[in-house]
Amino acid sequence: MSETMTHDAHHEEHPGGIKRWLFTTNHKDIGTLYLWFSFIMFFVAGFMALVIRAELFQPGIQIVDPNFFNMMTTLHGLIMVFGAIMPAFVGLANWQIPMMIGAPDMALPRMNNWSFWILPFAATLLVAPMFMGGNFMAGQGPAFGWTFYEPLSGQYGHLAFFVFAVHLLGFSSIMGSINIIATILNMRAPGMTLMKMPLFVWTWLITAFLLIAVMPVLAGAVTMMLTDKYFGTTFFIAAGGGDPVLFQHVFWFFGHPEVYIMVLPAFGVISQIIPTFARKPLFGYASMVYATASIAFLSFIVWAHHMFTVGMPVAGELYFMYATVMIAVPTGVKVFNWATTMWRGSMTFETPMLWAIGSVFMFTFGGFTGLMLGVAPADFQYHDSYFVVAHFHYTLITGAWYGIIGGVMYWLPKWTGNMYSEKLGKTHFWLTAIAMNLTFFPMHFTGLAGMPRRTADYPLQFTQFNQLSSVGAYIFGFSQLILLYLIIKCIKGGKKATNEVWEGAEGLEWTLPSPAPYHSFNTAPEVK
């Protein structure tokens, strides 16, 4: 009798199958859900990017109607930002933060579950209008660019779906952030002071405060859009006394910190990987923490550098230019600290290290083009050209996305208990790195020569550069299938990962003992 009772209680505690994933309050399961959701969204948004590049392979309108093209550029941006990059970092945070600070789980496990399950519904709302309207190509999805500038965006597409989706995504982010802050501030193991936390935990603590500060601003902006369209208000409509430029101010007050929300956790991942494979402690730990905090603070006071061309006073342009250029200082501190950590270290170049070094190198390049854009008189030339597209893909792909993949490659053996194929990992890295540069490097030239962004057609002289970009994009997209294969193969089995997975990295963060409970992917039999 007692045996059956304990068996039932045991069964109750660990539901199997679909129930395990729907009702889980376990930080590892929820981290896994976030990461898989993000990966699926990455492929959805990536497919949209391939539609864009297919259309731009030649001048003229070949494959899709311009409205559908605009819908692809809009949804590609929105899904990559809100569906792929942000959930991936929350997934990494869920998996790693409790283990890194010695906590049994996240502070608010049920809210953790809720903040994930909002996401699939939000994503559905975002793409649903695409399938409304007579035929697919004439879908009613958002076709106004991911920055949805009013009052133009109010005129096109099903605004209500889009606004509701943004609200849900915001709820999810805010709840995730509250959870991360509560966990870090209340659940650290005895002796784990703030200045002893791994840098990944620090970057997430700072990012969580950023998210809580800016998501309500975005919510306000989209709510005003909604009332302008359906309730007769005129916040952004000049004919009713509103101000279209006000929308840009409110949007970018959210939008600029958002860029750092996507990049700071990647800095944290890189700060975990480089010391492991250089076999040296991170150089200048405290300065890294202060640099992260400075970037977060400065990100709030530079928003109008996205709008140098709206006709603001010269004094305003000067201020925003100087404030923008100042962000280069704490970012430079980070880059020099990473370089100094590697200096004279016993470096090896396993897959995670390739992603980390690739990220530092290419993100720095993106930072330099950002400085060019930050200089107001020069920006008048670059604004709304393909140069801007090149710049932010260099910062977001190599800053944020390389950081995510680096983190996954670094921690996957710890999560699954299995080692993946190094050969495949490196193949994936090199293919991605070459294709990424092939895709986005030519855009600097097309942009400087005057090709505007978000256009389905272009003059003949831009053909060759666009063809290079399109070929690069297809190689980039299809090489991600290697990553998918590698991850599934690693989860299913393979060489067992030991405590010192990364050869010779003993004594570093990696080797903290972490017994595998029932809910990790460990295939070892459960101890009775």
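Student: Let buried mean under 20% relative accessible area, with exposed over 50% and partly exposed in between (1.4 Å probe, protein chains only). Which residues of α5 are buried?

Tutor: This is a predicted model, in which local features need pLDDT of at least 70, side-chain atom pairs count only at pLDDT 80 or more, and totals for chains, interfaces and linings use all residues. Residues are numbered from 1 along each chain as its sequence is written, and side-chain values use heavy atoms, without hydrogens and water. In α5, the buried residues are N112, N113, S115, F116, I118, L119, A122, A123, L125 and L126.

Student: What covers them?

Tutor: The cover of the buried α5 residues includes α2 (17-23), α3 (27-55), α4 and α6. Helices here are DSSP runs (H or I, at least four residues), numbered from the N terminus.

Student: And how far does α5 reach from end to end?

Tutor: Helix α5 (residues 109-127) has 19 residues and reaches 29 Å from its first C-alpha to its last, close to the expected 27 Å. The expected span is 1.5 Å times one less than the number of residues.

Student: Moving on to α4: at what angle does it cross α6?

Tutor: The axes (lines fitted to C-alpha atoms over the stretch in contact; angles run from 0 to 180 degrees between N-to-C directions) of α4 and helix α6 (residues 159-186) cross at roughly 15° and come within 11 Å. The two helices are therefore roughly parallel (under 35 degrees). The crossing is left-handed, that is, the near helix is turned anticlockwise from the far one by less than a right angle.

Student: Which residues make that contact?

Tutor: From α4 they are L78, F82, M86, A93, I97 and I101, and from α6 they are F162, L169, S173, I180, T183 and I184; contact means heavy atoms within 4.5 Å. By class, 10 are nonpolar, 2 are polar and none is charged.

Student: How do α4 and α7 cross?

Tutor: The axes of α4 (residues 66-101) and α7 (residues 199-230) come within 11 Å and cross at roughly 140°. That makes α4 oblique to α7, and their crossing is left-handed. On the α4 side, the contact includes F82, M86, F89 and V90, and on the α7 side F200, V201, W204, L211, M215 and L218. This contact has 15 nonpolar residues, 1 polar and no charged.

Student: Last topic: which residues of α9 are buried, and what do they pack against?

Tutor: M288, V289, A291, T292, I295, A296 and L298 are buried in α9. The buried residues of α9 pack against α7, α8 (244-278), α10 (314-326) and α11 (328-342). The 14 residues of α9 (residues 285-298) should span 20 Å, and the end C-alpha atoms are 20 Å apart, which agrees.

Definitions and conventions
Angles under 35 degrees count as roughly parallel, over 145 as roughly antiparallel, 65 to 115 as roughly perpendicular and the rest as oblique. Ala, Val, Leu, Ile, Met, Phe, Trp, Tyr, Cys and Pro count as nonpolar, Asp, Glu, Lys and Arg as charged, and the others, Gly among them, as polar.
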